[in-house]
Structures are given as structure tokens and as C-alpha cells.
Protein chains: 2
Amino acid sequence: MKAYVYVSLKKTVLDPQGKTIQGALQKMGYRGLEEVRQGKFFEITLDGGLGREEAQAEVERIAREVLTNPVIEECRCSLAE
Amino acid sequence: MKAYVYVSLKKTVLDPQGKTIQGALQKMGYRGLEEVRQGKFFEITLDGGLGREEAQAEVERIAREVLTNPVIEECRCSLAE
């Protein structure tokens, strides 16, 4: 079973890295862009020792307590397979 | 319209950052983990000047030509809304 945790900056937090990518893309001639924001994700392979609900809870706990900085970031978890 | 580009290391490429996170989580007592791999994603807001198919093509071109290093990374695009 795999779990995915997506961590992104809160909407209210400036994302200079995304802004730089956006500027570069526009200078390179790519069209149709309004905004680019960058985030990170974690692909967690679970060993199958936990049930689906337990796994979901454990992954959410990891995302909240370790992978996300709650001051500036928000996260979203999803379980696959 | 929003587009998401997910970039991750190819399966055959070692991910020391993911390994470190995995080790840290296990040391902290989180259970059920087999592997952790880290990737990045880009949330691209499109200005609506392109049709859906055009936008999809443009985002795939950006992902392939700029956001991904094809030697060690692979990418996946999705269009939302």
C-alpha cells in the first residue's frame, strides 16, 4: 500500500521559488501562465502491517507532526491501492 | 484552470533524502513504513487564454523541457477544473 503526502506553502505565504520559475518560463516564451507555486510530496510505501484505517491515521500523524511546518505549510494525504 | 506537474526521481535512482526521512521516522517510533521517497510538484495556474488541449500540451512541454531532468527524473502532469 502506498500513501502520498503533498506539502505546499499556505496561500498567504509568498513563494519566491515559484515566482522565479514563472518568470523564467515566461522569458523562455511559454504562454498562458498566471502563477506557479512549488511544493513537495512524499511517496510512502507501507509494509502492510497496518489496516487501511490505521495506516491512514499513521500517515496523517506523520504528515502533521513531521513533514509539515504548520506555521507556513499545509498538507494533504491520500492512500492508494 | 490549474495544472499540476509531479516530478520524482526515477525508481532506479537512489533517494538519500527519502532514506534519511524514513530512518528518522522509524527512530521516532512511527510504524508500518517500508520506504519513503521524496519528490516535488508544481501548481501552475493558467490564465485561461488557452483551450484545454492546448493547455495540456503546453504544460507537458514545460514539464518535459524545463521542470524535469530526464537523466534522473520522471514527471506526471494533470489538469484540474
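**The interface of chain B and chain A**

In this predicted model, about 3200 Å² is buried between chain B and chain A, with 58% of it on carbon and sulfur atoms. On the side of chain B, the residues that lose the most area to chain A are B:Tyr30, B:Arg31 and B:Phe41, together 19% of what that side buries.

Me: Why is the pair B:Lys11 and A:Glu43 called a salt bridge?
Reply: The closest N and O atoms of B:Lys11 and A:Glu43 are 3.9 Å apart. The rule asks for a side-chain nitrogen of Lys or Arg within 4 Å of a carboxyl oxygen of Asp or Glu, so the pair qualifies.

Me: Which elements of chain B supply the side that touches chain A?
Reply: At least two residues each come from β1 (2-9), α1 (16-27), β2 (33-46) and α2 (52-67) of chain B. The largest share, 14 residues, belongs to β2(B). By class, the residues on this side of chain B are 16 nonpolar, 5 polar and 14 charged.

Me: What makes strand β2 of chain A and β2(B) a pair?
Reply: Pairing requires at least two bridges between the strands; β2 (residues 33-46) of chain A and β2(B) have 13, therefore they count as paired, in the antiparallel sense. Among the bridge partners are A:Phe42 and B:Gln38, the latter in β2(B).

Me: How many residues of each chain are in contact across the interface?
Reply: In chain B, 35 residues are in contact with 35 residues of chain A. Polar contacts across the interface number 14 residue pairs, both residues being at pLDDT 80 or more.

Terms used
Residues are numbered from 1 along each chain as its sequence is written. Chains are lettered from A and ligands numbered from 1 in the order in which they are written. This is a predicted model: local features need pLDDT of at least 70, side-chain atom pairs count only at pLDDT 80 or more; totals for chains, interfaces and linings use all residues. Side-chain values use heavy atoms; hydrogens and water are left out. Contact means heavy atoms within 4.5 Å. Buried area is the accessible area (1.4 Å probe) that two parts lose on being put together, summed over both. A polar contact is a pair of N or O atoms within 3.5 Å; within protein, one must be able to donate a hydrogen and the other to accept it, and residues adjacent in sequence count only if both atoms are side-chain atoms. Helices (H or I, at least four residues) and strands (E, at least two) are DSSP runs, numbered from the N terminus. Ala, Val, Leu, Ile, Met, Phe, Trp, Tyr, Cys and Pro count as nonpolar, Asp, Glu, Lys and Arg as charged, and the others, Gly among them, as polar.
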